[in-house]
Amino acid sequence: MQTIEIKTTQNVTIEYELASLWERGLSTFIDLIIIAVASVLVPALLGLAGLFALIPFQLLFTLCFLSFFFGYFFLLESMMGGQTLGKKMTNIRVVRLDGEIPTVNDYLLRAVFQYVDTILSGGILAAMLISSTTRQQRLGDMTAGTTVIRKRNNTRMHLRNILNIDTLESYEPVYPQVKVLSEQDMLSIKQVISRVRKYPNDAHWEVVESLAAQLREHLDIHEVRKSDDLEFLRTLLRDYIVLTR
């Protein structure tokens, strides 16, 4: 499992799992099937309606496929937060390496170079680059400054590792309302704790304080002292594991 560390605009470093070659390949395969089906249906429907009768079906299919190919990747990644239908099914998404949210221009570059990565090279170029580069980037990723990550990490295993779940058999939960949070929320909390332990600088401590304040408000918890922010986050993790396992 390869990971990548991305520093956000708040100067906080977050670790993500990179999407594997087979995950990205399966995602693209699903997308290509969807594009191909649409490229067959549209000329067929136009033919039934009597339109473009003089244009060969193969030419119509090729034109539709090439136009749908670009529009599909560009529009869906732009509108679905870095995902296509294939990426959504394989639980992966596009992120920028500088921690910023990908822009329309980023998705445009990815879609344009998708022709080279996938069509012109038969996918060989994309596979070679993804498998050989440190950040698993195809040509479109390199030009746009992006990569593809797993949308959800193995949260439960990460939480068990950091908290040593074997010691919690007799643990009594302190905040039962933590059950309203999701596993992705808990993974984010775990990452904040890991970062402040590994890099105890002012920026990371500010994130701990801010996150603790947001969670106290969201969970309607008022009795925690500010100096206990880090232990408060750890307690939420323990409670979540015990209450949901």
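Predicted model: local features only at pLDDT ≥ 70, side-chain atom pairs only at ≥ 80, totals over all residues.
My working definition of a pocket: on a 1 Å grid over the protein atoms alone, an open set of points where a 1.4 Å probe fits, with protein on both sides within 12 Å along at least five of seven lines; lining residues have an atom within 4 Å of a point. A volume is the space filled by probe spheres set on the points, which are joined across faces, edges and corners.

Numbering runs from 1 along each chain as its sequence is written, and side-chain values use heavy atoms, with hydrogens and water left out.

Pocket entry. I looked up the second largest pocket and got about 230 Å³. Its lining has 17 residues, with Arg24, Gly25, Thr28, Ala126 and Ile130 nearest the centre. Helix α1 (21-48) gives the most, five residues; α4 (104-120) and α5 (124-132) each supply at least two. Helices here are DSSP runs of H or I, at least four residues, and strands are E runs of at least two.

Asp141 entry. I found aspartate 141 in helix α6 (residues 139-144). It counts as buried because its relative accessibility is 0% (buried is under 20% relative accessible area, 1.4 Å probe, protein chains only). Leaving out residues up to four places away in sequence, aspartate 141 touches Arg24, Arg110, Gln136, Thr146, Thr147 and Val148 (heavy atoms within 4.5 Å).

Strand entry. Strand β4 (residues 146-150) is largely enclosed by the rest of the structure, because four of its five residues are buried. I see β4 paired antiparallel with β3 (residues 92-96) over five bridges; pairing takes at least two DSSP bridges. Isoleucine 92 sits opposite arginine 150 of β4.

Technical notes
Buried < 20%, exposed > 50% of the residue type's maximum accessible area, 1.4 Å probe, protein only.
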